[in-house]
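Below is a colleague's note for someone meeting this structure for the first time. The points are numbered and can be checked one by one against the model.

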Amino acid sequence: MAPRSAKVLRETDIKKRYSVPTGFLSSLPSFNGGHAVDFQAVDGSGRVWPFRCSIRKKGHPKPVISKGWRAFVDSKGLKVGDKVRFYKKKNEAGAKKHAYEIRAEKEIKIFGAVFGYAPII
């Protein structure tokens, strides 16, 4: 399952909202002509996170996740430099599972250099 959105977090992502690549919009439920859509993602511990993705009404859509995002950041103790990945699960016939998965990864530094990332559950 390849990530639909993967990003190293910046200050705005930590303090305000998560800016997502425009390509992520194609994996979300339909906006039905509106400028926001609600969806849920499950993390590695099975906790369900409600999110809202919104786009600008005119011009470049510039999608952001705002609703629910700060609660996720605070719960996971995310900092600038950490990584978040959104995955879209394959819908199985009759399945009532959450269609999205979210994974957070903590940046690992050794002597000030980024060594890699470790999953946060």
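1. Val 42 stands opposite Glu 101 in β7. This position belongs to the pairing of β3 with β7, which is parallel and runs over 2 bridges. As with everything that follows, the model behind this point is predicted.

2. β3 also pairs with β4, and here the strands run antiparallel, joined by 7 bridges. Within this pairing, Phe 39 has Phe 51 of β4 as its bridge partner. The hairpin of β3 and β4 has 5 residues between the strands, and Gly 46 takes a positive phi near 95° in that hairpin.

3. A further antiparallel pairing joins β7 to strand β8 (residues 113-120), again with 7 bridges. Ile 110 has Ala 113 in β8 as its bridge partner. In this hairpin there are 2 residues between the strands, and Phe 111 has a positive phi near 55°.

4. What is the phi of Asn 32? The value is near 50°, which is positive in a residue other than glycine. Asn 32 lies in the loop between β2 (18-19) and β3. With a relative accessibility of 71%, this residue counts as exposed.

5. The largest nonpolar core is made of 26 residues. Phe 51, Ile 65, Trp 69 and Phe 86 have the most contacts inside this core. Two or more residues each come from β3 (36-42), β4 (48-54), α2 (69-76), β6 (83-88) and β7 (100-110).

6. Phe 51 deserves a separate entry. It sits in strand β4 and is buried, with a relative accessible area of 1%. Leaving aside residues up to four places away in sequence, Phe 51 touches Val 37, Asp 38, Phe 39, Ala 41, Ile 65, Lys 67, Gly 68, Trp 69, Phe 72, Phe 86 and Ile 102. One of these, Phe 39, is also the bridge partner of Phe 51. Leu 25 is 26 residues from Phe 51 along the chain, and the C-alpha atoms of the two are separated by 13 Å.

7. How many aromatic pairs does a search of the whole structure find? The search gives 12. Take the rings of Trp 49 and Phe 72: their centres are 5.1 Å apart and their planes stand at 90°, so this pair is edge-to-face. The pair links distant parts of the chain, with Trp 49 in strand β4 and Phe 72 in helix α2, 23 residues apart. Both Trp 49 and Phe 72 are buried.

8. Ring pairs also build a cluster, which takes in Tyr 18, Phe 24, Phe 39, Trp 49, Phe 51, Trp 69, Phe 72, Phe 86 and Tyr 100. Among its members, Phe 51, Trp 69 and Phe 86 were named above for their contacts inside the nonpolar core.

9. The charged end of Lys 83 sits over the ring of Tyr 117, 4.3 Å from the ring centre. The charged end of Arg 103 sits over the ring of Tyr 87, at 4.1 Å from the centre.

10. Is Asp 13 buried or exposed? Asp 13 belongs to helix α1 (residues 11-15) and is buried, since its relative accessible area is 1%. The side chain of Asp 13 reaches the backbone nitrogen of Ser 19 at 3.2 Å. Not counting residues up to four places away in sequence, Asp 13 touches Lys 7, Val 8, Tyr 18, Ser 19, Trp 69 and Val 73. Among these, Tyr 18 and Trp 69 are also part of the aromatic cluster.

11. The side chain of Arg 85 makes a polar contact with the side chain of Glu 105, at 3.1 Å.

Conventions:
Residues numbered from 1 in each chain as written. Predicted model: local features only at pLDDT ≥ 70, side-chain atom pairs only at ≥ 80, totals over all residues. Heavy atoms only, no water. Core = buried A, V, L, I, M, F, W, Y, C linked by side-chain atoms within 4.5 Å. Buried < 20%, exposed > 50% of the residue type's maximum accessible area, 1.4 Å probe, protein only. Helix = DSSP H or I, 4+ residues; strand = E, 2+ residues; numbered from the N terminus. Contact = heavy atoms within 4.5 Å. Polar contact = N/O pair within 3.5 Å; in protein donor to acceptor, adjacent residues only side chain to side chain. Phe/Tyr/Trp six-rings, centres within 6.5 Å; stacked < 30°, edge-to-face > 60°. Lys NZ or Arg CZ within 6 Å of the ring centre and 35° of its normal. Pairing = 2+ DSSP bridges.
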